[in-house]
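Open the model in your viewer and keep the selection tool at hand.

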Amino acid sequence: MNIVFNVNELGMEGLGATLSSLVSNCSDNSQLVLWFLCSELRLRDKDNIRSLLSSVGYRGDVKFVDFDAKGEFGHLRSLHGDWTPYGRLLIPRTIPDKQALYLDSDLLVLLDILTLKDYEMGDSLLGAVFGCDLKYALDNSFFTKNLNWSLDTPYFNSGVVLFNLEKWRQDDVDSQWLKLAERYPDGLISHDQTLLNAVAGGKFARLPDAYNNPWYPGEGELLSYHNSIVHFVGSPKPWDLSGRFLHGGYKIGGVITRASGRKNI
């Protein structure tokens, strides 16, 4: 099963917790292939990732793929001067397989990820947890003004996304998002998430809610986080300096080693 992460040095802060929980809760982690799309990630960081995986008993394959985020996507709207998030759009051209699961690096994977192996997607391009109707999305104006979408169109968060790689390539979806990006480079309010929702067109395989369970700062303790993928949406994250005081997620799971070599939540 292909699991993909898209990281730079900043993303290392939460990656350790994500990897540790992913491996520890997997019923047979030898079935996993972990891909890391790396934007300016140092050799030391890659070694720390390998070391962490070894320490938690990971037995699967690990693959690192470097890419130049600014060189590839620097003409598009950035996230606070960072173009790394767009890297997940490279997944279909990077992984020569039928399916891949993308995971953000601010997650706790508190379920067996193999429950998504060979997930039946039908003719859907992407699989994701339903997030909201378009009218509640931050970038709704992009879709209503430029693509004439209805405000009740289904929309998803791109922190956990299952890619139907075969269909993506068959339908030449790369050309679709590239055309949108070239036409609206400054209008991509939610960056890769805007483009992924655009190519999905409101039609995506609905993953159960447990596969992207959002936990926002200031919410206190999440009522139901067991047997789910907890997504620490927004800022601060539990491992940030102020997370101890402002995020209810600081206390769960004990102390999990970061990929950076320091301690995490």
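**Aromatic rings**

Select Phe142, Phe143, Trp149, Tyr155 and Tyr184: ring pairs join these residues into a cluster. Rings of Phe, Tyr and Trp (its six-membered ring) pair if their centres lie within 6.5 Å; planes under 30 degrees apart count as stacked, over 60 as edge-to-face and the rest as tilted. By this rule there are 12 aromatic pairs.

This is a predicted model, where local features need pLDDT of at least 70 and side-chain atom pairs count only at pLDDT 80 or more, while totals for chains, interfaces and linings use all residues. Residues are numbered from 1 along each chain as its sequence is written, and side-chain values use heavy atoms, with hydrogens and water left out.

Next, select Phe36 and Phe64, a stacked pair with 5.2 Å centre to centre and 25° between the planes. Phe36 belongs to strand β2 (residues 33–38) and Phe64 to strand β3 (residues 61–66), so the pair ties together parts 28 residues apart in sequence. Strands (E, at least two residues) and helices (H or I, at least four) are DSSP runs, numbered from the N terminus. Both Phe36 and Phe64 are buried, that is, under 20% relative accessible area, with exposed over 50% and partly exposed in between (1.4 Å probe, protein chains only).

**Helix α2**

Now select helix α2 (residues 43–55). Which of its residues are buried? They are Asp45, Lys46, Ile49, Leu52 and Leu53. Seen down the axis of α2, these fall within an arc of 120°, so they line one face of the helix; the arc is that of the directions from the helix axis to the C-beta atoms. The face turned away from the buried side carries the exposed residues Leu43, Arg44, Ser54 and Ser55.

Conventions. The expected span of a helix is 1.5 Å times one less than its number of residues.
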